[in-house]
Amino acid sequence: MSEFFSMNGHGAYVWSAYGITLAVLILNAWLARAKLLAALQRARELANQAEVPRKQPTVRRLQ
Amino acid sequence: MGAFKAVLARDLRVAFRRWSELGHPLIFFVIVVTLFPLALSPTASQLRDVGVGVLWVAALLSSLLALDGLFRGDADDGSLEQLLLSPAPLTITVLAKVTAHTLVTLVPLICLVPLSALSFNIPFAALPTLALALLLATPTLSVLVALGAALTVSLRRGGSIVGLLVLPLTGPLLIFGTRATDLSVNGEPTAAPLLLLAALAALAVSLGPLAIAAAVKVGLE
Amino acid sequence: MKLPRWFHQLGSPPYVYRLAERLCPWLGGLGILLLAVGGFWGLVIAPPDYQQGESARILYIHPQTAYIGMMAYVVMAVAAGVGYVWRLKIAHAVAVSAAPIGAWFTFCALFTGAVWGRPTWGTYWQWGDPRIMFEALLLFLFLGYLALRGAFDERDKADRVTAILAVVGVVNVPIVHYSVEWWNSLHQTSTLLSEGGPAMTTDMLIPFLIMFAAFTLTFYWLLLRRLQAEIVEREGDARWIRELVAEGAR
């Protein structure tokens with residue numbers, strides 16, 4: 001088992017390479033999902049604003 | 001052709017009206033080139049080793065300095081839009097402006113480089129190759145600098161980003177130019193990198209103005 | 001010229017959004033599965049190289065991430081070009097979505113390459129090695145594209161200006177690819193597409209190819225997810241968006 005981790009002395013190289021790549025993939029997956037959720041949330045807010053009935057602007061008479 | 005000459009002449013005249021500003025890139029170059037030996041305190045042979053690289057990098061950095069004058073001045077006072085409206089094809093106009101900029105900014109710069117090379121203990125025999133490499137690199141450099149200027153012409157503070165855009169693109173010029181100079185210093189044949197620089201120049205001059213014109217047009221929309 | 005129906009459909013943001021929604025689970029699921037299989041195969045089952053030893057296992061991620069990075073740039077440049085010429089907003093959305101993913105993959109390529117280079121060639125980085133230099137240039141092009149994008153206030157202008165940068169930079173992709181054939185470099189020439197078939201034993205070839213497929217699928221999964229976010233943002237309070245969030249699609 002320890003042989004697997006040390007990779008005959010090349011462990012640092014192999015694991016850092018695989019590790020960083022995995023980390024980058026996870027990061028990208030997380031970022032993509034977060035962006036989508038944020039965009040949908042913003043869209044939801046925009047939709048809610050539109051539904052609130054707009055008050056008719058009062059016409060001010062010039063005295 | 002007439003349009004090319006007219007724009008070229010006009011740009012040269014405008015540039016020489018503020019001739020003191022023309023000196024800025026040159027002074028910047030000299031300062032940068034002086035800073036390196038100050039920082040490195042190299043021996044004579046170390047100086048020669050780093051000299052080629054330092055000279056090229058300093059030249060590239062200095063060429064960025066005056067790029068604002070390429071389009072922004074005209075954009076600010078509306079004359080760039082006038083040029084867009086004129087019947088002459090924008091590509092020709094762009095080519096003329098880039099040529100003017102090259103003559104006024106880059107040519108004096110690359111004249112300085114061989115002189116500075118002597119102060120880096122670069123052998124006299126290598127200077128012709130250095131000069132030739134610089135000459136071949138100049139068209140590509142002009143086009144890249146102009147492209148950077150055009151892409152950022154509508155930005156208020158485009159200056160800081162332009163370096164980020166242009167310098168990586170000049171990487172190949174740096175690689176081939178320093179290769180050629182190094183080979184020449186060692187007395188080896190320099191045809192390969194010089195030909196590559198020439199090929200890049202041909203590519204840049206033929207396709208560059210199209211991209212630059214497009215960028216200017218979009219920038220002013 | 002009568003364009004096929006799918007071409008028109010692809011210009012419609014709601015269509016593309018819903019298509020992405022249907023495709024993503026498959027792309028992501030299959031991609032992750034293949035990553036797991038290929039990764040395991042490469043780390044455990046595949047044999048060490050008789051010359052390089054265990055560090056040869058990086059063969060199963062380095063060329064792949066590099067290739068995907070280059071593909072991402074081509075996707076970005078083609079999309080940006082299409083958007084510029086035909087004024088298709090969705091094409092610009094694709095370009096914007098591809099850029100950060102491509103940048104990250106290129107970073108991975110450079111990192112795994114450096115880490116592989118140390119035990120193999122004795123150095124993490126070789127200035128002047130053409131492939132490394134041009135791959136680094138690719139990363140800078142991605143970063144420059146993103147930086148330039150961010151500098152503009154108007155999205156439309158940002159789209160069109162950065163499209164020019166993207167298209168100009170695509171020249172770098174074939175240069176990275178052919179650099180090993182044009183110059184002497186630390187890198188070896190293509191092992192896969194050389195004459196007489198791949199110069200790799202089957203037990204290394206299989207994970208090698210699996211990982212290519214895995215990274216490709218994962219890239220497109222990530223691309224479509226980002227594209228969805230980009231579409232939603234660009235469409236603002238369009239009717240179909242309001243219906244979408246009302247549906248509780250998420």
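Q: How are residues and chains labelled, and which pLDDT limits apply?
A: Residues are numbered from 1 along each chain as its sequence is written, and chains are lettered from A in the order in which they are written. The model is predicted, so to speak of local features takes pLDDT of at least 70 and side-chain atom pairs count only at pLDDT 80 or more, while totals for chains, interfaces and linings use all residues.

Q: Which pair of chains has the most contacts?
A: Two residues are in contact if their C-beta atoms, placed from the backbone, lie within 7 Å. Of the two pairs of chains that touch, chains A and C have the most contacts. Chain A and chain B share no contact, and their closest C-alpha atoms lie 24 Å apart.

Q: How many residues does the contact between chains A and C take, and which elements of chain C supply them?
A: The contact takes 26 residues from chain A and 33 residues from chain C. Helices are DSSP runs (H or I, at least four residues), numbered from the N terminus. On chain C, α2 (13-45), α4 (89-121), α8 (202-235) and α9 (239-246) give two or more residues each, and α4(C) gives the most, with nine.

Q: What is the class make-up of that side of chain C?
A: Ala, Val, Leu, Ile, Met, Phe, Trp, Tyr, Cys and Pro count as nonpolar, Asp, Glu, Lys and Arg as charged, and the others, Gly among them, as polar. The side of chain C that touches chain A has 16 nonpolar, eight polar and nine charged residues.

Q: What does chain B bring to its contact with chain C?
A: 16 residues of chain B meet 15 residues of chain C. α10(B) gives the most to this side of chain B, with five residues. By class, the side has 12 nonpolar, three polar and one charged residues.
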